[in-house]
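Please open the structure in a viewer and keep the selection panel at hand.

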Amino acid sequence: MHASVMTWVAAKVVQHDLTTLSTLELGSYDVNGTVRNLFNGSYLGLDIREGPCVDLVGDASCLPFDDDSFELVVSCEMLEHCEHAVEAVCEATRVVSPGGLVIITARGPGFPPHDYPHDYWRFRLEDVEAICFTAGLEIVELISDTDPDAPGFFLVGRKP
């Protein structure tokens with residue numbers, strides 16, 4: 001995880017008072033850092049393979065949870081590795097409770113390929129806006145990462 005991601009997510013956790021919420025992390029496999037330690041409420045980490053910080057193996061584009069199951073969904077640096085990225089955001093929106101937040105960070109154009117285990121996408125802000133519209137997710141904050149060595153986006157969305 002890039003330092004800019006950890007810093008930004010930590011700021012959003014404080015800004016929106018998210019520490020104790022029931023949280024689902026999509027793409028929880030700890031490759032080079034985790035946001036898990038920012039939370040102390042109920043927390044479940046899901047990834048497509050077993051490994052550090054993975055509580056449940058599953059596919060983010062087809063989640064095994066009821067609608068409105070979590071107060072918060074977090075996904076840091078996973079979406080570019082998800083073959084069905086739009087479906088994953090739709091699923092994140094489905095399983096978060098009304099009024100709940102979805103926090104996503106991912107890499108954008110110019111970031112080099114990095115297979116963990118696959119690397120499918122690079123997202124422009126326009127792409128993220130279209131995905132949020134499709135998922136029915138209201139954009140609270142959407143910015144481009146200001147780190148020139150790690151171009152990408154940071155999103156806070158809210159389920160209506």
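Helices (H or I, at least four residues) and strands (E, at least two) are DSSP runs, numbered from the N terminus. The structure is a predicted model, in which local features need pLDDT of at least 70 and side-chain atom pairs count only at pLDDT 80 or more, while totals for chains, interfaces and linings use all residues. Residues are numbered from 1 along each chain as its sequence is written, and side-chain values use heavy atoms, with hydrogens and water left out.

**Two loop residues**

Select Cys53, in the loop between strand S2 (43–47) and S3. Cys53 has a positive phi of about 75°, although it is not a glycine. With a relative accessible area of 23%, Cys53 is partly exposed; by definition, buried means under 20% relative accessible area, exposed over 50%, and partly exposed in between (1.4 Å probe, protein chains only).

Next, select Asp68, which is placed in the loop between S3 and S4. Phi of Asp68 is also positive, near 60°, in a residue other than glycine. Asp68 is partly exposed, at a relative accessible area of 37%.

**The sheet**

Now display the strands. Seven of them form an open sheet of mixed pairing, in the order S3-S2-S1-S4-S5-S7-S6; two strands pair if DSSP finds at least two bridges between them. Strand S3 (56–57) and strand S6 (138–144) stand at the edges, each with a single partner strand, so one side of each has no neighbour in the sheet.

Select strand S5 (residues 96–107), which pairs with strand S7 (residues 152–158) in the antiparallel sense over seven bridges. Within this pairing, Arg107 has Gly152 in S7 as its bridge partner. S4 and S5, in turn, pair in the parallel sense over six bridges, and Val74 stands opposite Ile103 in S5.

How many of the 12 residues of S5 are buried? The count is 10, and S5 is mostly covered. Ser97 is located in S5 and is buried, with a relative accessible area of 19%. Not counting residues up to four places away in sequence, Ser97 touches Asp68, Phe70, Glu71 and Lys159, where contact means heavy atoms within 4.5 Å.

**An edge residue**

Move to Ile139, in strand S6. Ile139 is partly exposed, with a relative accessible area of 37%. Apart from neighbours within four places in sequence, Ile139 is in contact with Glu129, Cys132, Leu155, Val156 and Gly157.

**Two helices**

Finally, show helix H2 (residues 85–95) and helix H3 (residues 125–135), which pack at an angle of about 50°, with their axes 9 Å apart. That angle makes H2 oblique to H3, because angles under 35 degrees count as roughly parallel, over 145 as roughly antiparallel, 65 to 115 as roughly perpendicular and the rest as oblique. Axes here are lines fitted to C-alpha atoms, for helices over the stretch in contact, and angles run from 0 to 180 degrees between N-to-C directions.
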